[in-house]
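Subject: Handing over the model

Hi,

Here is the structure I promised to pass on to you. Have a look at it first, and then read my notes below.

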Amino acid sequence: MRIRLSAAVALVAAASLGLSACSSDTPSDTADTGATIVVSHAQGETEVPVDPERVVVFDQSVLQSMIDLDLPDAVGVPALTNWPESFARYRGDDVAKVGSLFEPDFEAVNALDPDLIIVAARSATSYDALSEIAPTVDLSVDSKDFLNSVEKQNRNLAGIFGAEDAFEAKFGGIRESFDAVSASAEQANLRGLILRVEAAEVTAYGPGSRYGIIHDLGVAPVSETFADDVAHGDAVSFEYIAQADPDLMFVQDREAPLGDTTGPNASRVLDNPLVGGTTAAEEGRITYLDLYTWYMAPSALSSVQSQIDVVGQAVGKAAAA
């Protein structure tokens, strides 16, 4: 990654924003320094200001990683209906709301005169349009190469703000935990089934999916034939679950409130003799996954550490039996 001095990007961005009737009356001071860093991200390379002061962020994982790394707060975030406790600073009206995760409010973004815009995952399709307003990077993570992709994109984030040391410290711990759990899981030789329950629908996920880190950690999948689809799993029946007979079961209750890992809806749906007869159920090895760390902000540094810990606890319990 190279760093160079260049005021050109800053001057062009400032000039283009100045032509808009929606521009802020108070331009950012960050771009005036001229220092930039070239970031290689999910949709190309972008030259962005070093240590930007006015950052608009459209992704919850990125926002959580910014908190994890003690980076400056974003000046614009999506309007969310379900704010985790860690996002308390963004709940009020003092931080601008710039649309939703999927649909940016371009006028609101432009009015903030941002130095940098960050998209990822759900907001990635808006990359081109947002790039017309200010330098934009896409920090989406590749689920098929999850941990390496998490490392790359969070290192990108840290590098923009000069927080490389903080990143290395946190990610070093993540790698260490990952290796330890992987070794334990492979030695235990456990088969796992990942399910998501929404209303009465049950879907299964395999390697390379949004929950694929479970298999990356050494928990063998019950099947190698699940659809190669990151976001959406395969619909499965209770009969299938019974036949698969996993040693471990990991369940995402899509309707559970934040912080609730008891799976109130999922546990009701799965409460039947077919599921109850599996090894996972009989041995008390069904783990309900927190919605925030596994679904809303899965690639944040603290989320990934939590995911590894959860799988490690499930593996440890089974290995000790």
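Predicted model: local features only at pLDDT ≥ 70, side-chain atom pairs only at ≥ 80, totals over all residues.

Before the pocket, a word on terms: on a 1 Å grid over the protein atoms alone, a pocket is an open set of points with protein on both sides within 12 Å along at least five of seven lines, while a cavity is a set of points where a 1.4 Å probe fits but cannot get out; lining residues have an atom within 4 Å of a point. Grid points are joined across faces, edges and corners, and a volume is the space filled by probe spheres set on the points.

Numbering runs from 1 along each chain as its sequence is written, and side-chain values use heavy atoms, with hydrogens and water left out.

**How confident is the model?**

pLDDT is the predictor's confidence in each residue, from 0 to 100. The protein averages 90, and 88% of the residues score at least 70. Be careful with residues 1-31, where pLDDT stays under 50. For that stretch the model has 52 contacts (heavy atoms within 4.5 Å) beyond four places in sequence.

**The overall picture**

You'll find 13 helices and 14 strands; these are DSSP runs numbered from the N terminus, with helices being H or I of at least four residues and strands E of at least two. Of the 321 residues, 52% count as buried. Buried means under 20% relative accessible area, exposed means over 50%, and partly exposed is in between (1.4 Å probe, protein chains only). Among contacts with a separation of 6 or more, 64% are between residues 24 or more positions apart.

**The largest pocket**

The largest pocket holds about 790 Å³ of space. It is lined by 31 residues, and the closest to its centre are A121, R122, R210, Y295 and M296. By class, the lining divides into 16 nonpolar, 9 polar and 6 charged residues. (Ala, Val, Leu, Ile, Met, Phe, Trp, Tyr, Cys and Pro count as nonpolar, Asp, Glu, Lys and Arg as charged, and the others, Gly among them, as polar.)

Which helix gives the most to this lining? That is α12, with 4 residues. Both α2 (60-68) and α12 (291-296) supply at least two residues each.

At 48% relative accessibility, A121 counts as partly exposed. S126 is in the loop between β7 and α4 as well, but S126 is buried, at 8% relative accessible area. Leaving out residues up to four places away in sequence, S126 touches F102 and P104.

Why is α2 largely enclosed by the rest of the structure? Because 9 of its 9 residues are buried. Just after α2, D70 takes a positive phi of about 60 degrees.

There is 1 cavity of 30 Å³ or more, and the volume of the largest cavity is about 60 Å³. Its lining consists of S61, V62, S65, L139, V141, Q153, N154, L157 and S299. Here α2 and α5 (146-160) are the elements that give two or more residues. The classes come to 4 nonpolar, 5 polar and no charged residues.

N265 lies in helix α9 (residues 264-269) and is buried, with a relative accessible area of 10%. Its side chain is joined to that of R268 by a polar contact of 2.6 Å. Polar contact here means a pair of N or O atoms within 3.5 Å; within protein, one must be able to donate a hydrogen and the other to accept it, and residues adjacent in sequence count only if both atoms are side-chain atoms.

Not counting residues up to four places away in sequence, N265 touches V197, A199, D253 and E255. A199, in the loop between β9 (191-198) and β10 (201-205), has a positive phi of about 55 degrees although it is not a glycine. A199 is partly exposed, with a relative accessible area of 43%.

Cheers
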